[in-house]
Amino acid sequence: MKIKMKDGSIQEAGFDEKLGKDAFRHTTAHILAQAVKRRYPNTKCAIGPAVADGFYYDFEFDFPFSEENFAEIEAEMRNIVKENLQLRQFVTDRKKAVQAMEERAETYKVEMLNELPKDEEISFYQQGEYLEMCAGPHVAYTSAIKAFKLLSVAGAYWHGDEKNKMLTRIYGTSFPSQDLLEAYLNRLEEAKKRDHRKLGKELGLFALFEEGQGFPFFLPKGLLLKNLLIDYWRKLHAKEGYVEISTPILLNRQLWERSGHWEHYRDQMYTASIDGADYAIKPMSCPGSMLVYKMEPRSYRELPMRISELGIIHRNEKSGTLHGLMRVRCCTQDDAHIFMTPEQMQDEIKGVARLIDEVYVNFGFKYYVELSTRPENSIGSEEDWEMATDGLKHALDDLNLPYAVNEGDGAFYGPKIDFHLQDSIGRTWQCGTIQLDFQLPQRFEAEYIGEDGKKHRPILIHRVVFGSIERFTGILIEHFAGKFPLWLSPVQVKVLSISDKYLDAANEAAKTLKKEGFRCEVDGRAEKIGCKIRTAQLERVPYMLIIGEKEVRTDSVSVRSRDDGDLGNMAIGEFLAAMRCVNCK
């Protein structure tokens, strides 16, 4: 596929490469805008980038736009593809660019141009009559766009600012073949069925209320699930030599200034005033861990010191970005901070990577790794950043972990390794991270006495495995479509009585199961057994035990599996033995 770059050069790239995919979908966004302008000439265009899995374009329409308009726009897009228009790239000065956009009444483009330096050259792409101010890249001809689909409409404030005008955002996707498009649309349909917000409500796991947007409520079964994840996490970390602490949610402004968060993270922090002094609710737990480390003199003999915390954090996320458990304003972050000597750095990084691998494999996830480097708004010396980045690279190389480099996306205090896990329908989620930090120990003047009797500065690892309990729970709900493995299911067994006559036997069976540590419920409703089975299936309960006249007479239970159907009759002891085997993680 030929890709036309900003400088006018042509590069070859396949759709499976990031350059090729972005150029392909960015071009589709231009085709969408051209189709909209042909059908509705009074429409004003804003921006239209390629995004993960597709593209979007923001418009200002002079009528109420809805998805009902998609059919005629898609028809016009197909015409543009058939016309095989060449995308011609050229540059001009800002004055001429403003004039061109003013002639077309593109007020949003004019506003963007006026924000640029006067001497900056402006890149344009033209396809037929449509002219777009754009840096590219794009495919060379519109005929390359073989398959596309407009997906949804949403509101979007201009520049993301609630004080600005609300625009109409059209989302879409495109592929080089109809087969690939159909496969993607099928995955979207499957994703809708697995939506954790829908399943969370159906399964009684969590609730979202207008009274607290972005602050999820965990219901009894959801809290049980959350606590199971926490119990698993705690056992794993105890085995790996971590000690657990708990630090306050609210700490004073001076602490956050010292850590650098007040300068670099202030917009996402909630603040309060206590006795006339500024305080902030923690958006992360690292400054609290620093205070704990500094409570007493430390020796090299104590290092590495692995301090974990299930910290409740708050972040001031914009309302438009909130999404169930995936994007919230309050969550429990499975944080940990490792204080170490330079000689211990490689082993500790590799130890965290192995821990993350163990967890993801246990849940059935595949994953890929990104190394994120120094961002523009960073703190610290070039030397420290180079040493930290090289440390992460060497650890990944020693582990033979393939990774991509994500330039400029590190934390403000250090580079990081991000783990992107892949769920059962192919979507990826960034969860685990390992961040190497030379800056916070310097800012807090953290020290240890080395083997030479002198004071030294420790190196710090920030790391999470789940990311947050809330987000990981949402991912698990969708990954398993609510059908959790036995050890993680809030209700593991449901005992169903054929009629009231056998309810005592059902309760006795449930009592035996609970005594053995299994989570069990009894369905003693005055309903037919078929209705009770359907209810248990909808609740995704792994096993059902049916008790009627035959089971009472033979002192057995009829076992039904959520996944495998009827398993026949067996003694309760035989069932318990099988459960113990399956329940082992």
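How are helix 1 and helix 2 oriented to each other? In this predicted model, helix 1 covers residues 18-39 and helix 2 covers residues 70-82. Their axes come within 8 Å and cross at roughly 115 degrees. Angles of 65 to 115 degrees count as roughly perpendicular. Helix 1 and helix 2 are therefore roughly perpendicular to each other. The crossing of helix 1 past helix 2 is right-handed.

The protein chain as a whole contains 18 helices and 31 strands. It has 585 residues, of which 50% count as buried. Along its principal axes, the C-alpha trace spans about 90 × 75 × 50 Å.

Helix 3 is made of residues 94-103, and helix 4 of residues 107-114. The two pack at an angle of about 165 degrees. Their axes lie 8 Å apart. An angle over 145 degrees counts as roughly antiparallel. Helix 3 and helix 4 are therefore roughly antiparallel to each other. Helix 3 passes helix 4 in a left-handed crossing.

Helix 3 also holds Gln99. This residue has 44% relative accessibility. Gln99 and Ile459 are 360 residues apart along the chain. Their C-alpha atoms are separated by 55 Å.

On the surface, four residues form a nonpolar patch: Ile249, Leu250, Ile274 and Ile312. Together they contribute about 270 Å² of accessible area. One of them, Ile274, sits in strand 16, which runs over residues 271-274. The relative accessible area of Ile274 is 31%. Patch members need over 30% relative accessible area. Ile274 is partly exposed at its value of 31%.

One joins Gly136 and Pro137, with omega at about 0 degrees. Pro137 lies in the loop that links strand 8 (130-133) to strand 9 (138-139). Another cis bond joins Leu303 and Pro304. Here too, omega is about 0 degrees. Pro304 belongs to the loop between helix 10 (286-293) and strand 18 (305-314).

Ala481 is not a glycine, yet its phi is positive, at about 55 degrees. Its loop runs between helix 14 (469-479) and strand 27 (493-497). How accessible is Ala481? Its relative accessible area is 16%. The cut-off for buried is under 20%, and Ala481 is therefore buried.

Arg540 likewise has a positive phi, of about 60 degrees, although it is not a glycine. The residue lies in the loop between helix 16 (529-538) and strand 29 (543-547).

Conventions:
Residues are numbered from 1 along each chain as its sequence is written. This is a predicted model: local features need pLDDT of at least 70, side-chain atom pairs count only at pLDDT 80 or more; totals for chains, interfaces and linings use all residues. Side-chain values use heavy atoms; hydrogens and water are left out. Patches are made of residues with over 30% relative accessible area and no salt bridge: like charges are joined within 9 Å, nonpolar side chains (Val, Leu, Ile, Met, Phe, Trp, Tyr) within 5 Å. Accessible areas come from the Shrake-Rupley method with a 1.4 Å probe; for residues, only the protein chains shown count as cover. A salt bridge is a side-chain nitrogen of Lys or Arg within 4 Å of a carboxyl oxygen of Asp or Glu. Helices (H or I, at least four residues) and strands (E, at least two) are DSSP runs, numbered from the N terminus. Buried means under 20% relative accessible area, exposed over 50%, partly exposed in between (1.4 Å probe, protein chains only). Axes are lines fitted to C-alpha atoms, for helices over the stretch in contact, and angles run from 0 to 180 degrees between N-to-C directions. Angles under 35 degrees count as roughly parallel, over 145 as roughly antiparallel, 65 to 115 as roughly perpendicular and the rest as oblique. A crossing is left-handed if the near helix is turned anticlockwise from the far one by less than a right angle, and right-handed if clockwise.
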